[in-house]
Amino acid sequence: MKRSVWSFLLPLLVVLAVGLFPLVTQKDLHRETAFTLLRAVALAASLNIILGFTGYVSFGHVVFYGLGGYVAFYLVAVKGWPFWAAMLMGGVAAALLAYLIGAGILRLRGAYFALVTIGVNEAMKAFIYNFQPFGGPTGLTMNFAVYKAYGGPKAVLWMTYYWLFAIAILLVLVTYWIRTSKFGLGLLSIREDEDAAEVMGVRTARFKTWAFTLSAFFPGLVGAIFFFRNASIEPHDAFPLHVSIESIVMVMLGGQGTVIGPLVGGIGYQWMRVFLLTNPLLKNIQLAVAGALLLLIVLFIPAGLVGWLRRRFPATRRFLL
Amino acid sequence: MNVLLRTENVVKRFGGLVAVNQVSFELYEGEILGLIGPNGAGKTTLFNCINGIYRPEEGRIFFRDTDITGWRPWRLAHMGMARTFQIVRPLAELTVRENVMVGAAFGEKQMPLRQAAKIADEVLEFLGLAPRADQLAGSLNVAQKKRLELARALAAQPRLLLLDEVLAGLNPTEVDEMVETIRRIRERGITILMIEHVMRAIMNLSDRILVLNFGELIAEGTPEEIAQNEEVIRAYLGDPKLAQRFALEE
C-alpha cells in the first residue's frame with residue numbers, strides 16, 4: 001500500500017492550525033489557549049515514542065518535564081545563562097536521566113515497569129525537596145529583571161510561545177520519522193513481541209533505551225519553557241503525577257503508536273478539560289472523569305480514535321499514520 | 001564438508017530437571033538435520049540454547065567457527081542465524097509485509113528499509129503470501145501464520161535456519177506444500193536444523209536425524225538407520241508394532 005503524502009501533512013496541519021491561530025489574531029487569550037494545547041500535544045507526542053511505538057507504559061513522563069524545568073530555571077535564574085541554552089540543557093538533563101535509568105528499568109515489563117516509573121517520579125520529587133541549589137521545598141523564583149533582557153514579561157510570553165510551537169512542529173517531524181524509519185520498525189516489533197524481535201536481530205535493550213531517551217528530551221524542553229514563563233518553580237508543581245496520567249489518557253484517546261493520534265488526543269482531551277472545569281457541577285471531579293475515560297478507552301477502543309479508524313476503515317491507513 | 005554449527009556437551013538445567021544433558025553434535029553446511037524425540041525430550045530447549053534465548057550451564061556452542069555460547073539472540077541473528085517458533089509469534093498489529101521486513105532489515109545484511117521491503121515482497125511471493133501483504137499479521141489463519149514465521153526467518157537470508165515444528169497444526173495438503181517449500185529453501189543453499197513430529201515428513205526431508213530422549217542424545221544417523229535403531233524404537237515409539245507400521249509407511 002502506497003502511503004499518501006497526507007499521512008505526513010495532516011499531523012503537520014493540525015499543529016500548524018493550533019499554533020498559527022494566535023499569531024493571526026494576536027490576542028493574549030488565544031495565545032494562552034494555544035499554549036496549553038501545544039503543551040498537551042508535545043507531552044502526548046513525546047510520551048507516544050515510548051508508550052505507543054515501544055509499548056512501555058510510563059507513569060513517569062512528568063519527571064522529565066519537572067527536571068528539565070528545574071535545570072533550565074536554575075541556569076537562567078541563578079547562573080544567568082541565555083534562555084535557549086538553558087532550555088537545551090533542560091532537555092539534555094531529562095534525556096540523560098532517561099538514558100541512565102532506562103538501562104536498568106527497561107528490563108522490567110508490563111506493570112512492573114509502570115510501577116517503577118511512578119517510583120522514579122516520587123524519588124525525584126523527594127530529591128529536589130532536599131536539594132538546596134534548587135531551593136529545596138520552596139523552590140526558585142525568577143527575578144523580573146531577567147525578563148528585561150528579552151524585552152519584558154509580555155515579550156517573554158510570546159518568545160516562549162514561539163519556542164513551544166517550534167518544538168511541537170519538531171515533534172511531528174520526529175515522530176513521523178520514527179514511524180517510517182528502520183528505528184521505528186524495530187520499536188514497533190518490540191512493542192508487538194519483544195522476544196521475537198530480538199530473535200530477528202533487533203538490539204532490543206539499545207532500541208528501548210534510545211526510545212526512552214528521545215521520549216524524555218522533549219518534555220525536558222517543554223518544562224523549561226513552562227517554568228521560565230511561570231517565573232517560579234517548586235517541587236509540587238514540577239512533578240505532579242496527574243500530568244503523567246493525563247498524558248497517557250491523551251495518547252490512548254487519540255491512538256497510541258500513530259503520528260497524528262496523540263495530537264488529536266491532546267487537543268481533544270484539553271478541550272474536554274476546559275468543558276469540565278467551566279461546568280460548576282463537574283469542575284471538582286475532572287480528574288475522576290479522566291480516569292473513567294482511560295478505563296473506557298482501554299476497555300472499548302484500546303487502539304484509540306485513530307487506531308480504531310485505521311482498523312475499521314482500512315482505506316484510511318493510506319493517509320492516517 | 002564444512003561444519004556450520006557444533007555443540008559440545010551442552011547442559012541446560014531448570015532447577016532439578018536436566019532438560020538438555022551433555023548434547024554434542026555437528027551440523028554441516030547445506031544439510032537438513034532433523035531433531036526428533038518424544039514430548040519433553042528437550043528439543044526446543046536445545047534450540048533455545050543454540051539461539052541464545054537460554055545460556056547453557058555447561059558446554060560450548062560454535063557457529064561459523066566462533067564460540068557463541070551465551071550470546072544474545074540479536075547477535076546470532078546478525079551472524080546469520082534465524083529461527084521460527086513452535087507457537088507462532090506474529091507481530092499482530094503490523095502488516096504481513098512489515099513483519100517480514102523486520103526479518104530482512106535486522107538480519108545479517110542489515111538492509112535499509114527500501115531494500116528490506118523488496119526482499120519481503122520476494123519472500124512473500126515465494127511462500128504464497130503475497131496477496132496478504134497489506135493485511136495485519138494478527139488476521140492470518142494458523143497455516144498462514146506458520147508461513148509468516150518462515151517468511152520472516154527467510155527474509156533475513158540466513159546461513160542457518162532453525163525450524164521448530166513448522167508442520168504442526170497443518171492439514172495434510174498444507175503439510176505437503178510446506179515440505180516442498182522446505183526443499184526449495186534448501187536448494188537456495190540454506191542449512192536447516194528442524195524439530196518435527198510429523199514422521200513421514202522429517203524422514204523424507206532430513207539427510208541425518210538426531211534423537212533426543214530425556215535431554216540426552218540417544219541416536220544419530222540417516223533416516224533409515226534411525227528407523228531401525230532398537231533404542232529409538234524403544235525409547236521414542238514404545239510399541240514395536242507401531243514402529244513396523246511406521247517403517248512400512250516409508
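Is L27(B) buried or exposed? In this predicted model, L27(B) counts as buried, because 21 other C-beta atoms lie within 10 Å of its own, and a residue needs 20 or more such neighbours to be classed in that way.

**L27(B) and its surroundings**

- The residue belongs to strand β2 of chain B, which covers residues 17–28.
- Once neighbours within four places in sequence are left aside, L27(B) is in contact with L4(B), L5(B), L33(B), T191(B) and L193(B).
- F47(B) stands 20 residues away from L27(B) along the chain, and the C-alpha atoms of these two residues are 13 Å apart.

**Chain B as a whole**

- Chain B contains 10 helices and 10 strands, and its radius of gyration of 18 Å is close to the 18 Å given by the globule rule for 250 residues, so the chain is as compact as a globular protein of that length.
- Taken along the principal axes, the box filled by the C-alpha atoms of chain B is roughly 55 × 40 × 35 Å.
- Of the 250 residues in chain B, 46% are buried.

- Domain 1 of chain B is made up of residues 1–80 + 159–250, while domain 2 of chain B takes in residues 84–158.
- The centres of domain 1 and domain 2 of chain B, taken over C-alpha atoms, are separated by 23 Å.
- Where the two domains of chain B meet, 19 residues of domain 1 are in contact with 16 residues of domain 2.
- On the domain 1 side of this contact in chain B, α2 (73–78), β7 (160–164) and α6 (172–187) each supply at least two residues, and the largest share, 4 residues, comes from β7(B).
- By class, the side of domain 1 of chain B that touches domain 2 of chain B consists of 10 nonpolar, 5 polar and 4 charged residues.

**Positive phi values in chain B**

- N9(B), a residue other than glycine, has a positive phi near 50°; its place is in strand β1 of chain B, residues 3–14.
- With 19 C-beta neighbours inside 10 Å, E165(B) counts as partly exposed.

**The contact between chains A and B**

- Chain A contributes 17 residues to the contact and chain B contributes 25 residues.
- On the side of chain A that touches chain B, α8 (182–192) and α9 (194–199) of chain A each supply at least two residues, with α8(A) giving the most, 6 residues.
- The residues on this side of chain A comprise 8 nonpolar, 4 polar and 5 charged.

- Helix α2 of chain A, residues 28–53, has 26 residues and reaches 36 Å from its first C-alpha to its last, which is close to the 38 Å expected at 1.5 Å a residue.
- A kink of about 40° is present in α2(A), and the kink is centred on L47(A).
- α2(A) is mostly covered, with 19 of its 26 residues buried, and just after this helix G55(A) takes a positive phi of about 80°.
- Helix α10 of chain A, residues 204–230, has 27 residues and reaches 39 Å from its first C-alpha to its last, close to the 39 Å expected at 1.5 Å a residue.
- Because 23 of the 27 residues of α10(A) are buried, this helix is largely enclosed by the rest of the structure.
- Just after α10(A), a positive phi of about 70° is found at A231(A).

How values were computed. Residues are numbered from 1 along each chain as its sequence is written. Chains are lettered from A and ligands numbered from 1 in the order in which they are written. This is a predicted model: local features need pLDDT of at least 70, side-chain atom pairs count only at pLDDT 80 or more; totals for chains, interfaces and linings use all residues. The radius of gyration is taken over C-alpha atoms; the globule rule is 2.2 Å times the number of residues to the power 0.38. A residue is buried if 20 or more other C-beta atoms lie within 10 Å of its own, exposed if 12 or fewer, and partly exposed in between; C-beta atoms are placed from the backbone. The expected span of a helix is 1.5 Å times one less than its number of residues. The bend at a residue is the angle between axes fitted to the seven residues ending there and the seven starting there. Two residues are in contact if their C-beta atoms, placed from the backbone, lie within 7 Å. Ala, Val, Leu, Ile, Met, Phe, Trp, Tyr, Cys and Pro count as nonpolar, Asp, Glu, Lys and Arg as charged, and the others, Gly among them, as polar. Domain bounds come from an automatic or database domain assignment.
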